[in-house]
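I shall discuss side-chain contacts between charged groups, and then between aromatic rings. Please look at the sequence and the structure as I proceed.

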Amino acid sequence: MNTSWIDKFKGLSRLPDDIRTALVAGSQIVTVPAGTQVFAPGQTADNLLLLLDGTVRVQQKSDTGREVFLYRVHAGESCVLTTACMLAFEDYSADGIAETDVTAVAIPRKTFDDLAAKSPIFREFIFTAYSRRITDLFTLIDDIVFQRMDVRLAARLLELANADNVVRATHAFLGTELGTAREVISRTLSEFQRRGWIEQSRGEVRLTGREGLERMVKSAGAEV
């Protein structure tokens, strides 16, 4: 029985052989194509997903239809919302979307409950990831309430840019990422372009003055 995937997750590599065997036997590897809705509000959390490859975007929609980005789950991580729902026996309250093709380990509730009861190491893995993500969410709230929008947008552009310094995203997408209106994003990007920091085309932002964006973020004490 191949248990090698367990070592991709910090905190699980210390599991003893019997628990590793039980974890592999009681779970399965699944693949999800890009664009798939992994979970939705009102759905029951039946499986904890540990990502082996790809990215899942978690976002929430308000009563007015406005979407707010919460966090991303990357390879080597688990989804804290799923963890919270499984621990509290509650339904999802947000959407999870596969941003890329995703390969993950699905751990069903029975295996999750059994290992959480039996293994201190597995419990530590669950609650460490939970604690870390809760801290991230408090940081997000702090950013939304107190951080200037131009600084937040500059930081997000630097974060999302690929190796060619290109961000493939619409103004609406960036608005969702930062919890603001598309019009606010458009105005701020226009100012960045005026300063020579970016160039815009349809669905794409090219960072032509990355140093200027980095100076703005650094001067505000923000992190990328």
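Arg206 has a relative accessible area of 35%, so this residue counts as partly exposed. Please bear in mind that what we see is a predicted model. The partner of Arg206 is Glu204, and the two form a salt bridge in which the closest N and O atoms are 3.9 Å apart. That distance qualifies because the cut-off for a salt bridge is within 4 Å. Glu204 has a relative accessibility of 21%.

How many salt bridges does the whole structure contain? The search finds 17.

Arg210 and Glu214 form a salt bridge, with 3.1 Å between the closest N and O atoms. Both residues belong to helix α8, which covers residues 210-219, and they are 4 residues apart, about one turn of the helix. Arg210 is partly exposed at 25% relative accessibility, and Glu214 is likewise partly exposed, with 36%.

The next salt bridge joins the side chains of Glu124 and Arg14, at 3.3 Å from N to O. Here the pair connects distant parts of the chain, 110 residues apart: Glu124 sits in helix α4 (residues 120-146), while Arg14 is in the segment before α1 (17-25). Glu124 has a relative accessible area of 44% and is partly exposed. Arg14, at 46%, is partly exposed as well.

Salt bridges can also be linked to one another. Which residues are linked in a network of salt bridges? They are Arg57, Arg72, Glu99, Arg156, Glu159 and Glu177.

I turn now to the aromatic side chains. The structure has 4 aromatic pairs. One of them is Trp5 with Phe9, an edge-to-face pair with 6.2 Å centre to centre and 85 degrees between the planes. Are these two residues buried or exposed? Trp5 is buried at 8% relative accessibility, and Phe9 is buried at 0%.

Phe112 and Phe122 form another edge-to-face pair, 6.2 Å centre to centre, with 75 degrees between the planes. This pair, too, links distant parts of the chain: Phe112 lies in helix α3 (residues 109-118) and Phe122 in helix α4, 10 residues apart. Phe112 is buried, with 1% relative accessibility, and Phe122 is buried with 0%.

Thank you for your attention.

Definitions and conventions. Residues numbered from 1 in each chain as written. Predicted model: local features only at pLDDT ≥ 70, side-chain atom pairs only at ≥ 80, totals over all residues. Heavy atoms only, no water. Helix = DSSP H or I, 4+ residues; strand = E, 2+ residues; numbered from the N terminus. Buried < 20%, exposed > 50% of the residue type's maximum accessible area, 1.4 Å probe, protein only. Phe/Tyr/Trp six-rings, centres within 6.5 Å; stacked < 30°, edge-to-face > 60°.
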